[in-house]
Amino acid sequence: MDVKEKSLKLHEQLNGKLEVISKKEVKTNEDLSLLYTPGVAQPCVEIHENEDDVYKYTVKKNLVGVVSDGTAVLGLGDIGAKAAIPVMEGKAILFKEFGGVDAFPICVDSKDVDEIVKTVKLISPVFGGINLEDISAPRCVEIENRLKEELDIPVFHDDQHGTAIVVGAGITNALKIVKKDIDKIKIVVNGDGSAGYAITKMLINLGAKNVVVCGINGALKEGRDDNYVQRELLKITNPNKEEGLLKDVIKNADVFIGVSKGNLVDEEMVRSMSEDAIIFAMANPVPEIMPDVAKKGGARVVGTGRSDFENQVNNVLAFPGIFKGALGAYATKITEGMKVEATYAIANFIKEDELNEHNILPSALDKNVADAVAKAVYDQAIKEGVVKNIK
């Protein structure tokens, strides 16, 4: 059996990947009295008198809602809320396995932004944080922005920011290898959706000055701003007003980052880039260019989103630790500064003597990464003061 057949059989055998387990067994009448009535009334009273006590007496402190509407699931597209459940279950497992954070899938059967925002707000009392997942662009950006404004708990769209953080860490280390400064290079991002938007913002936060973003019609420029994401990108990119298709603007670029479709970049396009080019081709399952072809074209460092190639960009390096740190600090939001510190924590996890073109990111299976990220996020949240004063 191939991996698809094995996975299908496993999901059927397990009947889903999650279960709810009590932290305390119910064996005696006293157990029943303490865990439920009449004893349970007292924590209810305490929370009623002081709402912050919900963090003391309930699961809220360490529980994340993994929210999706099923409109952008993996590479499958708009498959609906029910079909998205296996992915959200899987995400919940990664939260627990890598960050020790409890998480539960919430698949909303609506594509309406107002309805989704309202639904998440209504269920938010039980959650310490919200992780948005697999929601199509540009709606995902609006949903996240509104929830960040209207909730007092961390809201994080992993497809955007998790990807951006790990890409930022990889680019940081790749630039060390090729001995280039981020503020002096040209970066081309192919993909003007939510991931490309977040990656671009992260690169600029890290010091990039010259980022050109391409969509299906080439470099974004005035008049080519069909949606909110593109309009926002136009404000912060393409300082030299470059025009043309990807094959035109990739010339003399030091870095190419792809979050688009497979086989869009060829060997000659890589040859047209600057010496010691860096390629992050993250389309799945087929990258924008295969690593061996990119290397043949002269690329020095190549990363993809696939686990069967070196330098995998995997979001599991980011989101478990980010939420672990944010929840631990009682953070009210996840700020740009917290994301930057998470980026540096992942980059610095690779020791100097182990850093090379084949090893720029930690293994996705290294569970110690989450602790390093959590500490960085926790410290930055405290530094910025974006925390609740809970004793």
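**Helix α9.** I listed the buried residues of α9 in this predicted model: Ser194, Ala195, Gly196, Tyr197, Ala198, Ile199, Thr200, Met202 and Leu203. Buried here means under 20% relative accessible area, exposed means over 50%, and partly exposed lies in between (1.4 Å probe, protein chains only). That makes 9 of the 12 residues of α9 buried, so the helix is largely enclosed by the rest of the structure. I then checked its span. α9 covers residues 194-205 and reaches 16 Å from its first C-alpha to its last, close to the 16 Å expected at 1.5 Å a residue. The expected span is 1.5 Å times one less than the number of residues. After α9 comes Gly207, with a positive phi near 120°. Helices (H or I, at least four residues) and strands (E, at least two) are DSSP runs, numbered from the N terminus.

**Ground rules.** I number residues from 1 along each chain as its sequence is written, and side-chain values use heavy atoms, with hydrogens and water left out. The model is predicted: local features need pLDDT of at least 70, side-chain atom pairs count only at pLDDT 80 or more, and totals for chains, interfaces and linings use all residues.

**Strand β1.** I looked at residues 63-68 next. In β1, 6 of its 6 residues are buried. Both faces are covered: Leu63, Gly65 and Val67 on one side, Val64, Val66 and Ser68 on the other. β1 pairs with β2 in the parallel sense over 6 bridges; pairing requires that DSSP finds at least two bridges between the strands. Val66 stands opposite Pro105 in β2.

**Second largest pocket.** I read off a volume of about 850 Å³. A pocket is an open set of points on a 1 Å grid over the protein atoms alone, with protein on both sides within 12 Å along at least five of seven lines; lining residues have an atom within 4 Å of a point. The lining holds 20 residues, of which Glu19, Val20, Ile21, Lys23 and Asp102 lie nearest the centre. α5 (81-99) and β2 (102-107) are the elements that give two or more residues to this lining. α5 gives the most, with 4 residues. By type I get 11 nonpolar, 2 polar and 7 charged.

**Cysteines.** How many disulfides does the structure hold? I found 0, taking a disulfide as a pair of cysteine sulfur atoms within 2.5 Å. Cys140 is in no disulfide, and the nearest cysteine sulfur, that of Cys107, is 16 Å away. Cys140 is also buried, with a relative accessible area of 0%.

Key: On a 1 Å grid over the protein atoms alone, a cavity is a set of points where a 1.4 Å probe fits but cannot get out, and a pocket is an open set with protein on both sides within 12 Å along at least five of seven lines; lining residues have an atom within 4 Å of a point. Grid points are joined across faces, edges and corners, and a volume is the space filled by probe spheres set on the points. Ala, Val, Leu, Ile, Met, Phe, Trp, Tyr, Cys and Pro count as nonpolar, Asp, Glu, Lys and Arg as charged, and the others, Gly among them, as polar.
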